[in-house]
Amino acid sequence: YKLSVSPEMDIMEYCRKEWRGNTPAAKRMRKGYEAVAQKFASIRRIRGDNYCAFRATLFQALSQATQLPRWLQSEDFTMLPENLLSKYDWIKQWQLRQKPGKRMGEIRDELKEYLILLKKKWKNISEIKGPLEKQEACDKLFKNEEEEYSLYEALKFLMLNTAIELYNADKSGRRVPVFSWLLFARDTSSNPCQLMHNHLNHIGHSGGLEQVEMFLLAYALQYTIQVYRLYKYSTDEFITLYPNDPEEDWPVVTLITEDDRHYNIPVRMCQETML
(Lines give C-alpha, C1' and ligand atoms only; values in the text may rest on other atoms or scores of the structure.)
Protein backbone atom coordinates (compact mmCIF):
# COMPACT_ATOMS: atom_id res chain seq x y z
CA TYR A 1 0.00 0.00 0.00
CA LYS A 2 1.36 3.39 -0.97
CA LEU A 3 0.68 6.50 1.06
CA SER A 4 -0.97 9.21 -1.01
CA VAL A 5 0.50 12.02 1.08
CA SER A 6 3.57 11.11 3.15
CA PRO A 7 4.12 12.48 6.67
CA GLU A 8 5.94 15.79 6.84
CA MET A 9 9.70 16.00 6.81
CA ASP A 10 12.10 18.92 7.28
CA ILE A 11 12.57 20.57 3.87
CA MET A 12 16.35 20.90 4.00
CA GLU A 13 16.77 17.37 5.33
CA TYR A 14 14.69 16.12 2.41
CA CYS A 15 16.77 18.19 -0.02
CA ARG A 16 20.07 16.87 1.35
CA LYS A 17 18.81 13.31 0.95
CA GLU A 18 17.59 13.81 -2.62
CA TRP A 19 20.29 16.11 -4.04
CA ARG A 20 23.72 15.05 -2.83
CA GLY A 21 25.94 15.50 -5.88
CA ASN A 22 27.84 18.54 -7.08
CA THR A 23 26.33 18.75 -10.54
CA PRO A 24 24.93 22.14 -11.64
CA ALA A 25 21.42 20.61 -11.40
CA ALA A 26 21.93 19.46 -7.81
CA LYS A 27 23.31 22.86 -6.81
CA ARG A 28 20.35 24.62 -8.40
CA MET A 29 17.89 22.31 -6.61
CA ARG A 30 19.57 22.94 -3.26
CA LYS A 31 19.35 26.69 -3.83
CA GLY A 32 15.69 26.31 -4.78
CA TYR A 33 14.91 24.31 -1.64
CA GLU A 34 16.77 26.87 0.49
CA ALA A 35 14.50 29.59 -0.95
CA VAL A 36 11.37 27.54 -0.18
CA ALA A 37 12.71 26.90 3.34
CA GLN A 38 12.64 30.67 3.96
CA LYS A 39 8.84 30.39 3.87
CA PHE A 40 8.00 26.78 4.78
CA ALA A 41 9.53 24.44 7.35
CA SER A 42 8.42 21.04 6.03
CA ILE A 43 7.59 19.10 2.90
CA ARG A 44 5.11 16.27 2.32
CA ARG A 45 5.76 13.92 -0.57
CA ILE A 46 2.86 13.27 -2.89
CA ARG A 47 2.37 9.85 -4.43
CA GLY A 48 3.31 9.97 -8.10
CA ASP A 49 0.80 8.22 -10.34
CA ASN A 50 -0.23 10.85 -12.92
CA TYR A 51 -2.79 12.27 -10.47
CA CYS A 52 -0.18 14.09 -8.38
CA ALA A 53 -1.12 17.62 -9.55
CA PHE A 54 -4.74 16.94 -8.53
CA ARG A 55 -3.69 15.27 -5.30
CA ALA A 56 -1.33 18.08 -4.25
CA THR A 57 -3.75 20.87 -5.18
CA LEU A 58 -6.83 19.30 -3.59
CA PHE A 59 -4.98 18.28 -0.42
CA GLN A 60 -3.71 21.84 0.05
CA ALA A 61 -7.12 23.37 -0.73
CA LEU A 62 -8.94 21.10 1.73
CA SER A 63 -6.38 21.38 4.51
CA GLN A 64 -6.83 25.16 4.61
CA ALA A 65 -10.55 25.31 3.73
CA THR A 66 -12.72 27.31 6.11
CA GLN A 67 -15.81 27.52 3.91
CA LEU A 68 -17.37 26.08 0.77
CA PRO A 69 -16.25 27.91 -2.38
CA ARG A 70 -19.06 29.86 -4.06
CA TRP A 71 -19.28 27.54 -7.05
CA LEU A 72 -19.80 24.57 -4.71
CA GLN A 73 -22.66 26.32 -2.97
CA SER A 74 -24.87 26.68 -6.04
CA GLU A 75 -28.07 24.66 -6.14
CA ASP A 76 -27.50 23.23 -9.59
CA PHE A 77 -23.87 22.18 -9.01
CA THR A 78 -24.72 18.48 -8.88
CA MET A 79 -26.92 18.81 -11.98
CA LEU A 80 -23.87 19.62 -14.13
CA PRO A 81 -23.50 16.13 -15.67
CA GLU A 82 -27.18 16.05 -16.62
CA ASN A 83 -27.10 19.56 -18.08
CA LEU A 84 -23.91 19.05 -20.06
CA LEU A 85 -24.85 15.59 -21.37
CA SER A 86 -28.17 16.94 -22.61
CA LYS A 87 -26.30 19.53 -24.72
CA TYR A 88 -23.16 17.66 -25.75
CA ASP A 89 -23.69 14.11 -26.91
CA TRP A 90 -19.93 13.46 -27.20
CA ILE A 91 -19.50 13.62 -23.38
CA LYS A 92 -20.87 10.09 -23.22
CA GLN A 93 -17.38 9.02 -24.35
CA TRP A 94 -16.04 10.27 -21.00
CA GLN A 95 -13.54 7.72 -19.72
CA LEU A 96 -14.45 6.74 -16.18
CA ARG A 97 -11.53 5.48 -14.15
CA GLN A 98 -11.00 1.77 -14.82
CA LYS A 99 -14.53 1.54 -16.18
CA PRO A 100 -14.38 2.05 -19.94
CA GLY A 101 -17.45 1.61 -22.08
CA LYS A 102 -20.10 2.87 -19.68
CA ARG A 103 -23.52 3.83 -21.01
CA MET A 104 -24.68 7.44 -21.00
CA GLY A 105 -27.06 7.11 -18.04
CA GLU A 106 -24.42 5.36 -15.96
CA ILE A 107 -21.85 8.03 -16.76
CA ARG A 108 -24.28 10.78 -15.80
CA ASP A 109 -25.16 9.12 -12.48
CA GLU A 110 -21.60 8.27 -11.62
CA LEU A 111 -20.32 11.78 -12.33
CA LYS A 112 -23.16 13.18 -10.24
CA GLU A 113 -22.08 10.92 -7.35
CA TYR A 114 -18.50 12.22 -7.64
CA LEU A 115 -19.67 15.84 -7.51
CA ILE A 116 -21.90 15.13 -4.49
CA LEU A 117 -18.92 13.49 -2.76
CA LEU A 118 -16.68 16.49 -3.51
CA LYS A 119 -19.25 18.89 -2.06
CA LYS A 120 -19.81 16.73 1.03
CA LYS A 121 -16.10 16.26 1.81
CA TRP A 122 -15.29 19.93 1.25
CA LYS A 123 -18.17 20.98 3.49
CA ASN A 124 -17.26 18.54 6.27
CA ILE A 125 -13.57 19.44 6.31
CA SER A 126 -14.16 23.20 6.08
CA GLU A 127 -16.40 23.03 9.16
CA ILE A 128 -13.64 21.50 11.33
CA LYS A 129 -12.23 24.31 13.47
CA GLY A 130 -9.05 22.86 15.02
CA PRO A 131 -6.03 22.74 12.66
CA LEU A 132 -4.91 19.33 13.97
CA GLU A 133 -8.35 17.75 13.55
CA LYS A 134 -8.62 19.28 10.07
CA GLN A 135 -5.24 17.81 9.13
CA GLU A 136 -6.30 14.40 10.47
CA ALA A 137 -9.51 14.50 8.42
CA CYS A 138 -7.49 15.31 5.27
CA ASP A 139 -5.00 12.54 5.97
CA LYS A 140 -7.87 10.11 6.44
CA LEU A 141 -9.58 11.12 3.22
CA PHE A 142 -6.38 10.70 1.22
CA LYS A 143 -5.95 7.20 2.62
CA ASN A 144 -9.29 6.12 1.16
CA GLU A 145 -8.40 5.20 -2.40
CA GLU A 146 -11.95 4.75 -3.66
CA GLU A 147 -13.04 8.21 -2.46
CA GLU A 148 -9.81 9.88 -3.44
CA TYR A 149 -10.00 8.79 -7.09
CA SER A 150 -13.68 9.69 -7.25
CA LEU A 151 -12.73 13.25 -6.26
CA TYR A 152 -10.19 13.41 -9.10
CA GLU A 153 -12.90 12.38 -11.57
CA ALA A 154 -15.00 15.24 -10.21
CA LEU A 155 -12.09 17.67 -10.74
CA LYS A 156 -11.58 16.45 -14.30
CA PHE A 157 -15.24 16.96 -15.05
CA LEU A 158 -15.15 20.48 -13.59
CA MET A 159 -12.18 21.21 -15.85
CA LEU A 160 -14.21 20.06 -18.85
CA ASN A 161 -17.12 22.27 -17.79
CA THR A 162 -14.77 25.27 -17.43
CA ALA A 163 -13.21 24.55 -20.82
CA ILE A 164 -16.66 24.49 -22.45
CA GLU A 165 -17.57 27.81 -20.80
CA LEU A 166 -14.32 29.44 -21.97
CA TYR A 167 -14.63 28.05 -25.49
CA ASN A 168 -18.21 29.31 -25.83
CA ALA A 169 -17.31 32.71 -24.36
CA ASP A 170 -14.50 33.11 -26.89
CA LYS A 171 -16.73 32.04 -29.80
CA SER A 172 -19.34 34.63 -28.81
CA GLY A 173 -16.72 37.39 -28.69
CA ARG A 174 -16.37 37.74 -24.93
CA ARG A 175 -12.99 38.24 -23.30
CA VAL A 176 -11.22 35.09 -22.14
CA PRO A 177 -7.90 34.60 -20.34
CA VAL A 178 -4.85 34.11 -22.57
CA PHE A 179 -4.29 30.50 -21.49
CA SER A 180 -7.68 29.64 -23.00
CA TRP A 181 -6.37 30.54 -26.48
CA LEU A 182 -3.27 28.44 -25.84
CA LEU A 183 -5.40 25.55 -24.64
CA PHE A 184 -7.45 25.52 -27.85
CA ALA A 185 -4.50 26.39 -30.10
CA ARG A 186 -3.07 22.90 -29.62
CA ASP A 187 -3.63 20.50 -32.55
CA THR A 188 -4.84 17.93 -30.05
CA SER A 189 -7.41 20.16 -28.33
CA SER A 190 -8.86 22.67 -30.77
CA ASN A 191 -12.28 22.29 -29.08
CA PRO A 192 -13.64 20.85 -25.79
CA CYS A 193 -14.50 17.50 -27.40
CA GLN A 194 -10.88 16.98 -28.50
CA LEU A 195 -9.65 18.22 -25.12
CA MET A 196 -11.71 15.50 -23.47
CA HIS A 197 -10.63 12.73 -25.86
CA ASN A 198 -6.94 13.52 -26.14
CA HIS A 199 -6.17 15.00 -22.72
CA LEU A 200 -8.72 14.79 -19.90
CA ASN A 201 -9.52 11.12 -20.58
CA HIS A 202 -5.82 10.30 -20.26
CA ILE A 203 -5.05 12.20 -17.05
CA GLY A 204 -4.27 9.69 -14.33
CA HIS A 205 -3.90 6.84 -16.83
CA SER A 206 -1.13 7.64 -19.28
CA GLY A 207 -0.20 11.19 -18.31
CA GLY A 208 -0.48 14.01 -15.81
CA LEU A 209 -1.44 17.66 -16.25
CA GLU A 210 0.41 19.81 -18.75
CA GLN A 211 1.25 23.43 -17.94
CA VAL A 212 -1.75 24.87 -19.76
CA GLU A 213 -4.03 22.41 -17.94
CA MET A 214 -2.74 23.69 -14.60
CA PHE A 215 -4.35 27.01 -15.58
CA LEU A 216 -7.58 25.20 -16.39
CA LEU A 217 -7.54 23.44 -13.00
CA ALA A 218 -6.97 26.75 -11.22
CA TYR A 219 -9.93 28.31 -13.07
CA ALA A 220 -12.17 25.32 -12.39
CA LEU A 221 -11.47 25.52 -8.64
CA GLN A 222 -11.22 29.34 -8.55
CA TYR A 223 -7.98 28.97 -6.64
CA THR A 224 -4.58 30.48 -7.38
CA ILE A 225 -2.03 27.67 -7.62
CA GLN A 226 1.41 29.00 -6.70
CA VAL A 227 4.22 26.68 -7.73
CA TYR A 228 7.88 26.75 -6.75
CA ARG A 229 9.50 25.36 -9.91
CA LEU A 230 12.90 24.41 -8.51
CA TYR A 231 14.68 23.75 -11.79
CA LYS A 232 13.84 27.35 -12.77
CA TYR A 233 15.64 28.74 -9.71
CA SER A 234 17.15 32.22 -10.31
CA THR A 235 14.86 32.89 -13.30
CA ASP A 236 11.61 34.83 -13.16
CA GLU A 237 9.71 31.55 -13.60
CA PHE A 238 10.95 30.18 -10.28
CA ILE A 239 7.62 31.05 -8.63
CA THR A 240 4.85 30.59 -11.18
CA LEU A 241 1.22 31.48 -10.58
CA TYR A 242 -1.67 29.73 -12.29
CA PRO A 243 -3.39 31.90 -13.43
CA ASN A 244 -0.75 34.65 -13.63
CA ASP A 245 -3.33 37.41 -13.08
CA PRO A 246 -5.46 35.79 -10.36
CA GLU A 247 -8.65 37.24 -8.96
CA GLU A 248 -7.93 38.94 -5.65
CA ASP A 249 -10.45 36.93 -3.67
CA TRP A 250 -9.21 33.52 -4.85
CA PRO A 251 -7.48 31.53 -2.08
CA VAL A 252 -3.87 30.46 -2.78
CA VAL A 253 -2.40 26.96 -2.54
CA THR A 254 1.33 26.32 -2.82
CA LEU A 255 3.05 23.36 -4.51
CA ILE A 256 6.67 22.42 -5.27
CA THR A 257 7.95 20.77 -8.44
CA GLU A 258 11.41 19.78 -9.60
CA ASP A 259 10.41 19.11 -13.21
CA ASP A 260 6.81 20.29 -13.94
CA ARG A 261 5.69 16.66 -13.87
CA HIS A 262 5.65 15.63 -10.24
CA TYR A 263 4.35 17.87 -7.42
CA ASN A 264 4.97 17.82 -3.68
CA ILE A 265 3.60 20.20 -1.06
CA PRO A 266 5.33 22.54 1.38
CA VAL A 267 3.69 22.77 4.80
CA ARG A 268 4.12 24.74 8.04
CA MET A 269 4.66 28.34 7.12
CA CYS A 270 7.56 29.85 9.05
CA GLN A 271 6.41 32.23 11.80
CA GLU A 272 7.89 35.40 10.27
CA THR A 273 6.15 34.67 6.97
CA MET A 274 2.79 34.40 8.68
CA LEU A 275 3.20 37.78 10.35
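How do the residues of the lining of the second largest pocket divide into nonpolar, polar and charged? They divide into 11 nonpolar, five polar and seven charged. Here Ala, Val, Leu, Ile, Met, Phe, Trp, Tyr, Cys and Pro count as nonpolar, Asp, Glu, Lys and Arg as charged, and the others, Gly among them, as polar.

This is a predicted model, in which local features need pLDDT of at least 70, side-chain atom pairs count only at pLDDT 80 or more, and totals for chains, interfaces and linings use all residues. Residues are numbered from 1 along each chain as its sequence is written, and side-chain values use heavy atoms, with hydrogens and water left out.

Stay with the pockets. Rolling a probe the size of a water molecule over the atoms shows where empty space is left. The search runs on a 1 Å grid over the protein atoms alone. A pocket is an open set of points where a 1.4 Å probe fits, with protein on both sides within 12 Å along at least five of seven lines. Lining residues have an atom within 4 Å of a point. Grid points are joined across faces, edges and corners, and a volume is the space filled by probe spheres set on the points.

The second largest pocket holds about 450 Å³ of space. Its lining has 23 residues, and the closest to the centre are Trp71, Asn161, Thr162, Glu165 and Gln222. Helix H4 (70-73), helix H5 (80-87), H8 and H11 each give two or more residues to this lining. H8 gives the most, with six residues. Helices (H or I, at least four residues) and strands (E, at least two) are DSSP runs, numbered from the N terminus.

The largest pocket holds about 710 Å³. Among its 21 lining residues, Ser63, Gln135, Val267, Arg268 and Met269 are the closest to the centre. Elements that give two or more residues include helix H3 (52-63) and strand S6 (263-269). The largest share, six residues, comes from H7. By class, this lining has nine nonpolar, six polar and six charged residues.

Now follow helix H8 (residues 145-171). Its axis and that of helix H9 (residues 178-185) come within 10 Å and cross at roughly 100 degrees. Axes are lines fitted to C-alpha atoms, for helices over the stretch in contact, and angles run from 0 to 180 degrees between N-to-C directions. H8 and H9 are therefore roughly perpendicular to each other (65 to 115 degrees). In this contact (heavy atoms within 4.5 Å), Ala163, Leu166, Tyr167 and Asp170 of H8 meet H9 residues including Phe179 and Trp181.

The axes of H8 and helix H11 (residues 211-221) come within 9 Å and cross at roughly 95 degrees. H8 is therefore roughly perpendicular to H11. Their contact has 10 nonpolar, one polar and one charged residues.

Which residues does UniProt list for "active site"? An unreviewed UniProt entry lists Asp49, Cys52 and His262. UniProt positions are given in the numbering used here, feature names are shortened, and annotations may be inferred rather than shown by experiment. The three are spread over 214 residues of sequence, yet they cluster in space, with a largest C-alpha distance of 8.9 Å. Asp49 is in the loop between S2 and H3.

Asparagine 50 is also placed in the loop between S2 and H3. Its phi is near 75 degrees, a positive value in a residue other than glycine. The peptide bond from tyrosine 242 to proline 243 is cis, with omega near -10 degrees. Most residues other than glycine have a negative phi, and most peptide bonds are trans.

Definitions and conventions. Parallel < 35°, antiparallel > 145°, perpendicular 65-115°, else oblique.
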